[in-house]
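Good morning, and thank you for coming. Please look at the sequence and the model as I put them on the screen.

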Amino acid sequence: MKSIFMSIAVVLMVGCASYGSDFDVNKFTGFKDGVTTKSEMIRAVGSPSSQSNLGNGRTAATWQFVSKTLGSDAKSKIATAVFDSQDRLVRVTTSESKY
């Protein structure tokens with residue numbers, strides 16, 4: 001419990017917080033379903049925040065970045081890519097928001 005309060009205090013003193021590595025959502029528009037491989041995507045945009053097994057040889061990779069600076073809106077970016085059993089892109093979805 002003490003560490004939670006310390007973390008909150010640090011964020012309030014510094015005035016900003018972030019989660020994940022920042023990435024350019026626009027880079028995801030250049031990838032082609034059925035053509036782009038997982039390794040090509042990772043080389044282009046960096047390592048995903050998380051990966052999961054969807055079954056039947058399919059996997060999902062998610063890139064996520066959230067930031068908040070004192071006095072400004074919080075920003076969120078999420079990109080999720082689904083790959084087939086040969087690690088070829090099936091589809092990618094992206095979103096950006098401020099709140």
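How many salt bridges does a search of the whole structure find? The search finds two. The term salt bridge stands here for a side-chain nitrogen of Lys or Arg within 4 Å of a carboxyl oxygen of Asp or Glu. Side chains of opposite charge can pair when their charged atoms come close.

Before I turn to each pair, a word on the source. This is a predicted model, in which local features need pLDDT of at least 70 and side-chain atom pairs count only at pLDDT 80 or more, while totals for chains, interfaces and linings use all residues. Residues are numbered from 1 along each chain as its sequence is written, and side-chain values use heavy atoms, with hydrogens and water left out.

Let me begin with the overall plan. The protein chain has two helices and five strands. Both kinds of element are DSSP runs numbered from the N terminus: helices are H or I runs of at least four residues, and strands are E runs of at least two. From the N terminus on, the order is α-β-α-β-β-β-β. Of the 99 residues of the chain, 26% count as buried. Buried means under 20% relative accessible area, exposed means over 50%, and partly exposed lies in between, with a 1.4 Å probe and protein chains only. A contact means heavy atoms within 4.5 Å. Among contacts between residues at least 6 apart in sequence, 45% join residues at least 24 apart.

I now return to the salt bridges. In one of them, the side chains of Asp 22 and Lys 77 meet at 2.7 Å, N to O. Asp 22 lies in the loop between β1 (16-19) and α2 (38-45) and Lys 77 in strand β4, so the pair ties together parts that are 55 residues apart in sequence. Asp 22 is exposed, at 51% relative accessibility, whereas Lys 77 is buried, at 18%.

Lys 38 forms a salt bridge with Asp 87, and here the closest N and O atoms are 3.9 Å apart. Because Lys 38 lies in helix α2 and Asp 87 in the loop between β4 and β5, this pair ties together parts 49 residues apart in sequence. Lys 38 is buried, with 13% relative accessibility, and Asp 87 is partly exposed, with 33%.

Lys 38 also leads us to Thr 59. The side chains of Thr 59 and Lys 38 make a polar contact of 3.2 Å. A polar contact is a pair of N or O atoms within 3.5 Å; within protein, one must be able to donate a hydrogen and the other to accept it, and residues adjacent in sequence count only if both atoms are side-chain atoms. Thr 59 belongs to strand β3 (residues 58-69) and is buried, at 17% relative accessibility. Leaving aside residues up to four places away in sequence, Thr 59 touches several residues, among them Lys 38, Phe 83 and Asp 87.

What lies around helix α2? In α2, Lys 38, Met 41 and Val 45 are buried. Seen down the helix axis, the buried residues of α2 fall within an arc of 60°, so they line one face of the helix; the arc is that of the directions from the helix axis to the C-beta atoms. These buried residues pack against β2, β3, β4 and β5.

Of its 13 residues, Phe 23, Phe 28, Met 41 and Trp 63 touch the most other members. The elements giving two or more residues to this core are α2, β3 and β4. A nonpolar core is a set of buried Ala, Val, Leu, Ile, Met, Phe, Trp, Tyr and Cys residues joined through side-chain atoms within 4.5 Å.

Strands β2 and β3 run antiparallel and are joined by five bridges; two strands pair if DSSP finds at least two bridges between them. Gly 55 stands opposite Arg 58 in β3. The two strands β2 and β3 form a hairpin with two residues between them.

Most residues other than glycine have a negative phi. Asn 56, in the turn of the hairpin, has a positive phi of about 55° and is exposed, at 79%.
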